[in-house]
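Colleague: I'm new to this one, so could you take a close look at the aromatic rings for me? Walk me through who sits with whom.

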Amino acid sequence: MSETISETASTFESLQVLIHEPDVNADSCIIWLHGLGASAYDFAPITGFIRQHSQQLGLKMLYPQAPSLAVTINGGMMMPAWYDIFSASPRRTINNHQYQAAISAIHSLIQQQVEQGISAERILIAGFSQGGAIAYQATCGFPQRLAGAICLSTYLAEPLKIKPCNAQLPMFIGHGSHDTVVPKMLGQEALEWLRENNFSPVWKEYPLQHEVSEDELQDVAEFIGQLLSAR
């Protein structure tokens, strides 16, 4: 497996992207978005696990790095963030301009993968916490059919704008039952909104706080394998 870092020009200035190429020709791709205050490297160790347990050896893994922004709920401190959060009580009030810019940046990254020969229908977006909120809209709003979304310990930042080609998109939602950072009720609200809008997400709950476990990653890998094996 080769590891490189590239920069992607976009309306969100430019994103650094950690890229894990497979040892065989890449035939599918996951773009994995980290959470608030985190790093592109946080989830990089899962690459081998996901490939092995999904049985997708041609899976390319991309880990974009969010830019450093001032985050209001953290006293204006500068940290990696996909958008500013003005309040969380517990629903988030966000900087919509930054949210839309982050989504555009991820769309540019998806388009790059398509131009490199990976079918859009074999591209998934995954995200944890704030990254998961971006994953919801980045998948539903992309103008070509994608493979699916993986949204962990997250919430809907706002009602989704859905392109017809991605209506009823397969989704995996995982949440910790003891999460105090993003309470489970926010994950369940997203689940109910999606169901009311004709999606049929997979919902999995784990005895976790604001974190990801091996059991959850196993379920994620199986979800990925099922989707990509059908395409």
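Modeller: Let's begin with a charge: the charged end of Arg92 sits over the ring of Tyr155, 5.2 Å from its centre. For that label, NZ of Lys or CZ of Arg has to be within 6 Å of the ring centre and within 35 degrees of the ring normal. Bear in mind that this is a predicted model, where local features need pLDDT of at least 70, side-chain atom pairs count only at pLDDT 80 or more, and totals for chains, interfaces and linings use all residues. Residues are numbered from 1 along each chain as its sequence is written, and side-chain values use heavy atoms, with hydrogens and water left out.

Now for rings meeting rings. Rings of Phe, Tyr and Trp (its six-membered ring) pair if their centres lie within 6.5 Å; planes under 30 degrees apart are stacked, over 60 edge-to-face, and the rest tilted. That rule gives 4 aromatic pairs. In one of them, Phe43 and Phe128 have ring centres 5.8 Å apart and planes at 55 degrees, so they count as tilted. Phe43 is in the loop between strand E3 (28-33) and helix H1 (47-54), while Phe128 belongs to strand E9 (residues 123-128), so the pair ties together parts 85 residues apart in sequence. Helices (H or I, at least four residues) and strands (E, at least two) are DSSP runs, numbered from the N terminus. Phe43 is buried at 13% relative accessible area, and Phe128 is buried at 10%; buried means under 20%, exposed over 50%, and partly exposed in between (1.4 Å probe, protein chains only). Together with Trp32, Phe43 and Phe128 form one aromatic cluster.
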